[in-house]
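Hi,

Here is the structure I said I would pass on. Have a look at it first, and then read on for what turned up.

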Amino acid sequence: MQITHFGHACVLVDTGSARLLIDPGVLSDIDGVDGIDAVLLTHKHPDHVAPEKVRAVLARSPRAVLVAPGDMGDVMSGLPEHHSAEPDTTLKFGDTVVNVVGGRHATVHDTIPSCANLGYLVGGGAFFHPGDSFHEPAVDVEVLAVAIDGPWLKIAESIDYVRQLSPRVAIPIHEGETLDPAKYVGMMSNAVGGDVVRRLDRGSATHL
């Protein structure tokens with residue numbers, strides 16, 4: 001498959017039979033992206049969903065399906081009809097199967113309300129985007145999108161997550177609010193070892 005990182009949590013997964021755009025938020029740049037089969041939203045925070053960007057990509061991809069958790073509320077106002085997904089839901093786009101997993105956003109602090117968070121497992125584990133969580137799927141993961149920065153994590157947790165899932169490739173994401181993402185990528189790469197951690201060039205499709 002081909003993976004394109006459009007900044008922060010937004011990635012395009014092209015399996016050959018489907019083009020899946022995950023989490024086009026305010027920190028991502030998807031201008032001109034089209035030919036999408038599905039837009040998959042992990043949760044309602046603005047860095048994962050920017051309604052104006054979702055509207056634009058859906059206008060360029062009129063057959064695309066919009067999938068989101070059930071608690072998106074006003075975030076979905078003005079957007080086309082969407083499929084409300086829950087954990088353990090199975091979706092299919094072309095020949096590509098997407099299993100919906102997860103449930104809740106990782107805790108930031110016990111004084112800050114949590115929200116639903118879906119993870120999208122593509123092709124039986126060929127690719128996994130966990131949203132803002134450290135959810136561990138029940139299957140092996142080949143390519144993992146792993147957050148490296150955010151108020152809900154520290155880099156040690158992200159490193160341990162990669163070690164636990166032991167993917168063939170770990171793609172650092174969720175870096176849009178840090179001034180020095182290379183620092184965190186380097187720390188993860190050194191701790192995990194080998195050539196597992198691969199930082200993708202923004203906007204460039206990479207075969208993995």
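Before anything else, keep in mind that this is a predicted model.

Let's start with the sheet. Six strands make it up, in the order β7-β8-β9-β10-β11-β12, and it is open, with mixed pairing. At its edges sit β7 (90-93) and β12 (169-173), each of which pairs on one side only. On average, neighbouring strands in this sheet are turned by 25 degrees against each other, ignoring direction.

Look next at β10 (residues 127-129) and β11 (residues 143-147): these two run parallel and are joined by two bridges. One thing you can find by eye there is Phe127, whose bridge partner in β11 is Val143. Helix α2 (residues 155-165) packs on this sheet and touches β10, β11 and β12. The direction of α2 makes about 165 degrees with that of β11.

Now for the other helix I looked at, α1 (residues 51-60). Its residues Lys53, Val54, Val57 and Leu58 are buried. Seen down the axis of α1, the buried residues fall within an arc of 130 degrees, so they line one face of the helix.

Phe134 and Trp152 form a tilted one, at 5.3 Å centre to centre and with 55 degrees between the planes. Phe134 lies in the loop between β10 and β11, while Trp152 lies in the loop between β11 and α2, so the pair ties together parts that are 18 residues apart in sequence. Trp152 is buried, with a relative accessible area of 6%, whereas Phe134 counts as partly exposed at 25%. Ring pairs also bring in Tyr161, linking Phe134, Trp152 and Tyr161 into a cluster.

How many disulfides does the structure hold? Cys10 is in no disulfide, and the nearest cysteine sulfur, that of Cys115, is 18 Å away. Cys10 is buried, with a relative accessible area of 0%. Cys115 is in no disulfide either, and at 2% relative accessibility Cys115 counts as buried too.

That's what I have for now.

Cheers

Key:
Residues are numbered from 1 along each chain as its sequence is written. This is a predicted model: local features need pLDDT of at least 70, side-chain atom pairs count only at pLDDT 80 or more; totals for chains, interfaces and linings use all residues. Side-chain values use heavy atoms; hydrogens and water are left out. Two strands pair if DSSP finds at least two bridges between them. Helices (H or I, at least four residues) and strands (E, at least two) are DSSP runs, numbered from the N terminus. Axes are lines fitted to C-alpha atoms, for helices over the stretch in contact, and angles run from 0 to 180 degrees between N-to-C directions. Contact means heavy atoms within 4.5 Å. Buried means under 20% relative accessible area, exposed over 50%, partly exposed in between (1.4 Å probe, protein chains only). The arc is that of the directions from the helix axis to the C-beta atoms. Rings of Phe, Tyr and Trp (its six-membered ring) pair if their centres lie within 6.5 Å; planes under 30 degrees apart count as stacked, over 60 as edge-to-face and the rest as tilted. A disulfide is a pair of cysteine sulfur atoms within 2.5 Å.
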